[in-house]
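Visitor: I am new to this structure. Please take me through one part of it closely, the open sheet and what ties into it.

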Amino acid sequence: AVLRGKRAERGRWRSRRAARRRRRVRQGLSLTMHRFGFVWGAAMALVALNSPATSFMPSFSPQQLRSASPLLMVPVSSALDLTTQQETMSLAKRYVSLGNSVKQQLGPADFRVLEEELAEDFEFVAPIVGPLKKSALVEASKGLDFGAAMPDFDARYHDWRPDSDDPRRVWCSMRVTATQTGPLAFGGMTKLPQVPPAKVESPPEAVSFRFDEKGKLREITTGYVMDRRVGNTGGLGGVFGIFEAIGSPLPSPLTRTTGELLAPLMRLVGVAPPKPDPSLLQVPKLSALGGALPEGELLRLTQQLLDSNFRDESLLAPSFTYTGPVVGPLPKAAFVAAFSSYNPSEAFPDLDYQYRDLRACSFDTNRVWYTSSPQGTHTGRLVLPGGASHEATGRVWASPPECGSAQFDSEGKCVGLTGGYVMDRRQGNTGGLGGVFGICVALGVKPPFPVFLLRTLAQNVASLQESVFGKK
């Protein structure tokens with residue numbers, strides 16, 4: 001009886017010790033999130049007013065709605081009483097012109113105009129932030145004045161085009177330019193202008209607008225960077241990029257992937273490639289291309305490249321590079337070596353890339369942009385770039401819409417290829433990831449490196465907190 005009593009007491013002691021450890025873990029996570037809290041809240045509100053940076057979150061397809069929070073589902077338009085594509089295009093262009101004190105920004109800065117224009121079930125969805133409801137966007141618009149801080153702020157909207165599935169949704173691209181000549185105040189912080197004034201040039205970003213049957217704005221998606229090499233924001237979009245360019249970057253755990261933060265250490269121990277040559281992180285200019293080609297020829301060359309599945313080396317220039325959101329820049333030899341064994345057509349016999357929206361770039365010489373939404377069933381052996389292979393799983397790979405581009409020299413050879421840039425993280429079944437990483441997530445197979453490296457530290461902490469507390 002004495003021994004049983006002692007064993008019982010030891011069991012109770014172990015239980016109390018385990019409970020104390022769990023409390024310390026929860027308290028530590030809460031403290032960590034609290035320390036990030038004021039910046040995180042400011043970042044969310046800042047991003048709500050314009051557009052944020054690249055990241056990856058859970059995803060859903062309009063054609064394959066899943067059981068989830070309504071805020072993470074893409075609204076599907078009814079087949080009845082749809083607004084026409086032309087009407088939707090007009091509504092979107094009207095919205096971005098309302099109440100601006102600058103040439104172009106993402107809709108009206110006046111919160112009273114927002115109250116009138118936004119639907120009651122409005123959502124703002126960006127790569128990291130969101131979905132944000134109407135009240136959050138309205139609140140974020142109070143006090144932030146780009147007109148006073150950056151009078152020449154220009155979102156430079158272009159490439160307006162209808163969505164391929166939803167007539168109430170339209171897409172466009174934007175490339176922000178601005179010069180800070182006045183104080184930029186928000187969330188209790190004020191950034192004074194530098195001497196000489198700091199200039200902002202953001203990378204191209206994918207934007208979409210969705211309207212309801214009454215003509216009210218139902219949804220904005222924005223901040224999805226299309227090429228991290230462009231601009232002076234370090235590959236960040238929207239407000240994250242603006243603050244980066246003017247010399248007041250937001251904390252790296254909010255804006256940079258864990259892989260980027262750990263890269264110096266990973267290179268030190270030999271598990272990451274060396275830092276790329278800065279010259280490869282630039283889009284070739286006209287002087288380097290030898291001359292401009294007609295738009296029709298550029299579209300033909302791009303279609304030829306797509307039809308070859310990027311396997312015809314003769315179409316690639318000696319100076320060719322491939323750049324994705326994470327991978328690259330890869331020179332021609334490395335690209336050919338990495339992708340020579342890659343066999344998506346054999347692994348997914350019913351694969352449909354759904355290429356669309358081919359269009360010549362308005363800013364970069366000899367460049368063509370396109371959209372794809374690959375989808376197929378894994379019924380064959382898949383060999384990934386680098387040689388790793390996976391037997392058929394029978395699962396479906398449904399990618400979110402991805403943006404890619406091809407750039408050519410004056411002789412019609414491809415000098416640059418980009419791909420894997422996700423345009424709406426909610427669509428598909430890849431966890432918001434594009435390219436090879438998206439395939440691995442969809443199939444439940446091991447990716448080239450851990451997915452947590454592709455997410456920001458703040459996202460990983462939030463995921464850990466969710467696993468501990470059971471909620472976000």
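Guide: Start with a definition: two strands pair if DSSP finds at least two bridges between them. Helices (H or I, at least four residues) and strands (E, at least two) are DSSP runs, numbered from the N terminus.

A word on the source. This is a predicted model, in which local features need pLDDT of at least 70 and side-chain atom pairs count only at pLDDT 80 or more, while totals for chains, interfaces and linings use all residues. Residues are numbered from 1 along each chain as its sequence is written, and side-chain values use heavy atoms, with hydrogens and water left out.

Now the sheet. Six strands make up an open sheet with mixed pairing, in the order E12-E11-E20-E19-E14-E13. Its edge strands are E12 (330-331) and E13, each pairing on one side only.

Strand E13 (residues 356-360) runs antiparallel to strand E14 (residues 367-372), and three bridges join them. Arginine 356 has threonine 371 in E14 as its bridge partner. The two strands form a hairpin with six residues between them. There, asparagine 366 takes a positive phi near 60°.

Move along to E19 and E20. Strand E19 (residues 402-408) and strand E20 (residues 414-422) are also paired in the antiparallel sense, over six bridges. Here glutamine 407 has glycine 416 in E20 as its bridge partner. As for side chains, in a regular strand they alternate between the two faces of the sheet.

What ties into E14? Arginine 367 forms a salt bridge with aspartate 227 (a side-chain nitrogen of Lys or Arg within 4 Å of a carboxyl oxygen of Asp or Glu). Their closest N and O atoms are 2.4 Å apart. Aspartate 227 lies in the loop between strand E10 (217-225) and helix H6 (238-245), and arginine 367 in strand E14, so the pair ties together parts that are 140 residues apart in sequence. Both residues are buried; buried means under 20% relative accessible area, exposed over 50%, and partly exposed in between (1.4 Å probe, protein chains only). The whole structure has 22 salt bridges.

One more salt bridge pairs glutamate 391 with arginine 381, with closest N and O atoms 3.4 Å apart. Glutamate 391 sits in the loop between strands E17 (389-390) and E18 (396-398), and arginine 381 in the loop between strands E15 (375-377) and E16 (382-383), so this pair ties together parts that are 10 residues apart in sequence. Glutamate 391 is exposed, at 55% relative accessible area. Arginine 381 is partly exposed, at 45%.
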